[in-house]
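Q: I have a model open and want to learn to read it. Can we go through it feature by feature?

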Amino acid sequence: MTKSELFKSLNYVNGTRDKRIEVTQIVLDNPHLISPLLEIAFEDNVEISSKACWILEFVAKKNIQLILTHIDAFTLGISKVQLDSSVRPVAKICELLMKAFFTKSKNEVQLKLKEYHLEKITTSCFDWLIGEHKVAAKAYSMTSLYLLGDKFEWIRPELRMILEQNYSLGSPAYKARARQILALIK
């Protein structure tokens with residue numbers, strides 16, 4: 001399958017889980033498609049880019065290794081993502097990466113992610129947390145930033161300050177995750 005064929009397949013992806021799983025399986029069966037999928041995800045074509053991000057999230061949940069093989073492209077591209085329909089799945093992928101990176105058992109994520117990757121993820125997560133994004137992206141960012149606080153000691157005080165300042169304005173879901181993270185920080 002080529003990039004243009006992948007692009008056509010993404011046109012048929014919709015909000016249903018079945019369509020997402022169908023294209024995800026195509027990518028899982030053809031790992032060479034990760035590179036063009038990342039290119040599409042980080043392009044300006046709004047609808048198709050969001051669909052590519054949805055598929056990337058599903059791929060990451062099934063096989064995070066496929067994202068790791070292109071971690072430079074992924075971390076360079078995440079700062080370009082602006083739409084909530086794209087930010088949410090990308091923030092989820094960041095959370096998956098951070099959970100794997102900060103687990104106690106040795107794994108491939110710990111070997112592949114370098115400090116500059118962590119810094120790019122940190123920057124994007126702070127941008128999503130303080131930006132005008134929906135609560136899911138903010139919640140995933142909170143978790144990622146909390147975990148990144150194990151590596152960069154300056155993060156947790158900043159995260160705490162942001163959560164405390166924005167708590168009263170947040171939705172019930174925002175408040176629930178913020179309470180959880182604030183309890184962990186203390």
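A: Start with one residue. Phe 42 counts as buried because its relative accessibility is 12% (buried means under 20% relative accessible area, exposed over 50%, partly exposed in between, with a 1.4 Å probe and protein chains only). This is a predicted model: local features need pLDDT of at least 70, side-chain atom pairs count only at pLDDT 80 or more, and totals for chains, interfaces and linings use all residues. Residues are numbered from 1 along each chain as its sequence is written, and side-chain values use heavy atoms, with hydrogens and water left out.

Q: Is Phe 74 buried or exposed?

A: Phe 74 is buried, at a relative accessible area of 0%.

Q: How are the rings of Phe 42 and Phe 74 placed?

A: A pair of aromatic rings is described by the distance of the centres and the angle of the planes. Rings of Phe, Tyr and Trp (its six-membered ring) pair if their centres lie within 6.5 Å; planes under 30 degrees apart are stacked, over 60 edge-to-face, the rest tilted. The structure holds 3 aromatic pairs. In one of them, Phe 42 and Phe 74 have ring centres 6.4 Å apart and planes at 50°, so the pair is tilted.

Q: What about the rings of Phe 101 and Phe 102?

A: Their centres lie 4.8 Å apart and their planes stand at 80°, so this pair is edge-to-face. Phe 101 counts as buried, at 15% relative accessibility.

Q: Which residues does Phe 74 touch?

A: Contact means heavy atoms within 4.5 Å. Leaving out residues up to four places away in sequence, Phe 74 touches Leu 38, Phe 42, Ile 67, Val 90, Ile 93, Cys 94 and Leu 97.
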